[in-house]
Amino acid sequence: MSWGFWISKLTTNQMASLDHTLCLLFIISSLHVLPSSATPLNKLKTATAIRQVNRRGPYIGLVTVFETEENAFLGSVDFRPDPAHPFLDLSGRRFRIGKIHGKKVVYVRCGIGMVNAAAATQQMIDVFNMKGIVHFGIAGNINNSMSIGDVSIPKQITNAGLWDWLNQEKAEGDEYAAYLDFGKYTVPQGDGSDSMLGSIGYSYEELYSVSIGHKNSPKKVFWINTTQEWLQLAAGLEKMELLQCVNETLCLPEKPKLVVGLKAATANTFVDNAAYRDFLYDTFGVSSSDMESSAVAMTCVSNGYPVIVIRGLSDLAGAQTGDNAVRKFGSLAATNTARAVLEFIKKLPPNYNLNSYV
């Protein structure tokens with residue numbers, strides 16, 4: 001028999017008792033996600049606020065990374081804070097609760113790097129009543145057919161920072177997804193000299209997921225897929241208008257475009273090197289590089305939640321002449337990303353079944 005069957009048989013008094021019991025269980029279970037330094041009274045207040053917020057859910061989660069992206073987003077959208085609980089501060093982060101175009105959202109700035117991204121995403125999923133996660137920010141451009149200011153919504157993301165630094169005596173085999181041989185990058189190029197740095201082998205992620213049949217048995221994966229149904233919704237954004245100018249005197253040579261269905265790489269490394277940029281494109285076929293996306297995507301997939309990644313290209317990841325362009329065009333890329341996020345939120349149906357997206 002289902003829970004619904006038994007609940008339907010309860011009397012009014014039994015239902016009230018059950019609701020009270022579940023409320024206590026929720027508050028007690030919520031305390032473990034609150035800071036240990038908080039007083040018991042503050043913990044109880046926060047847990048009560050979480051319960052009240054979740055009663056008004058479910059929500060779409062919005063996760064960005066740093067202040068430039070946050071300023072562009074909050075400055076571009078009509079974010080209407082929840083009148084009772086406009087935000088909750090958890091683990092040093094501010095989770096903003098509200099609506100955008102009538103859609104209920106919880107927004108957080110996670111901070112730079114994969115650990116920050118995974119921690120904030122997992123906390124959002126654990127604490128709040130979520131439908132899915134929209135992750136967004138800026139990224140380096142790895143693909144010569146793309147340009148600064150363009151927006152990429154990838155279908156697959158890899159963790160290009162998970163690798164083994166190999167012993168020089170080790171021969172290449174099939175245990176790694178790819179190899180980077182430092183000897184091939186000696187100067188003068190192609191003289192065949194060996195490098196004492198040897199080579200690195202790019203490893204596979206171990207994905208623990210609710211969708212995997214065997215418990216506590218991870219699946220080795222190199223690519224994390226974003227949610228197909230959300231990608232199909234996002235395909236309708238490819239003709240949207242994006243900004244071309246930072247101001248009256250600083251503009252891009254061409255109008256930016258939005259592209260759905262490319263690949264992306266993530267690592268705890270800011271890429272500003274032409275040779276490594278070419279290696280990433282030639283080896284993995286990725287079009288963008290950032291420091292958080294695969295962590296957010298993997299956390300969502302592990303928990304069985306829909307996820308989409310939207311990244312604006314802010315620089316050429318080392319292919320430029322002179323200084324990196326992120327300081328000149330980072331704000332423009334962030335604004336174009338914010339516009340794309342807003343249009344995607346508009347396209348989401350007001351109500352849908354979470355299970356149909358996982």
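Colleague: Which of the residues lining the largest pocket lie nearest its centre?

Modeller: A pocket is an open set of points on a 1 Å grid over the protein atoms alone, where a 1.4 Å probe fits, with protein on both sides within 12 Å along at least five of seven lines; lining residues have an atom within 4 Å of a point. The lining here counts 21 residues. Nearest the centre are L207, S209, S211, N225 and V301.

Colleague: What kind of model is this, and how many helices and strands does the chain have?

Modeller: The model is predicted: local features need pLDDT of at least 70 and side-chain atom pairs pLDDT 80 or more, while totals for chains, interfaces and linings use all residues. Residues are numbered from 1 along each chain as its sequence is written, and side-chain values use heavy atoms, without hydrogens and water. Helices (H or I, at least four residues) and strands (E, at least two) are DSSP runs, numbered from the N terminus. The chain has nine helices and 18 strands.

Colleague: Which element gives the most to the lining of the largest pocket?

Modeller: β13 (219-221), β14 (223-225) and α8 (293-303) each supply at least two residues. The top contribution is three residues. It comes from β14.

Colleague: How many salt bridges are there?

Modeller: The rule asks for a side-chain nitrogen of Lys or Arg within 4 Å of a carboxyl oxygen of Asp or Glu. D150 and K257 meet it at 2.7 Å, N to O. D150 is in the loop between β6 (130-141) and β7 (151-153) and K257 in the loop between α6 (228-234) and β15 (258-260), so the pair ties together parts 107 residues apart in sequence. By this rule the count is ten.

Colleague: Is D150 buried or exposed?

Modeller: Buried means under 20% relative accessible area, exposed over 50%, partly exposed in between (1.4 Å probe, protein chains only). K257 has 33% relative accessibility, so K257 is partly exposed. D150 has 1%, so D150 counts as buried.

Colleague: Which residues form a network of salt bridges with R311?

Modeller: R311 and E292 meet in a salt bridge at 3.0 Å, N to O. R311 is in strand β18 (residues 307-315), and E292 is in the loop between β17 (288-290) and α8. Both R311 and E292 are buried. The network links R311 with D290 and E292.

Colleague: What percentage of the residues in the chain are buried?

Modeller: The chain has 358 residues. The buried share is 48%.
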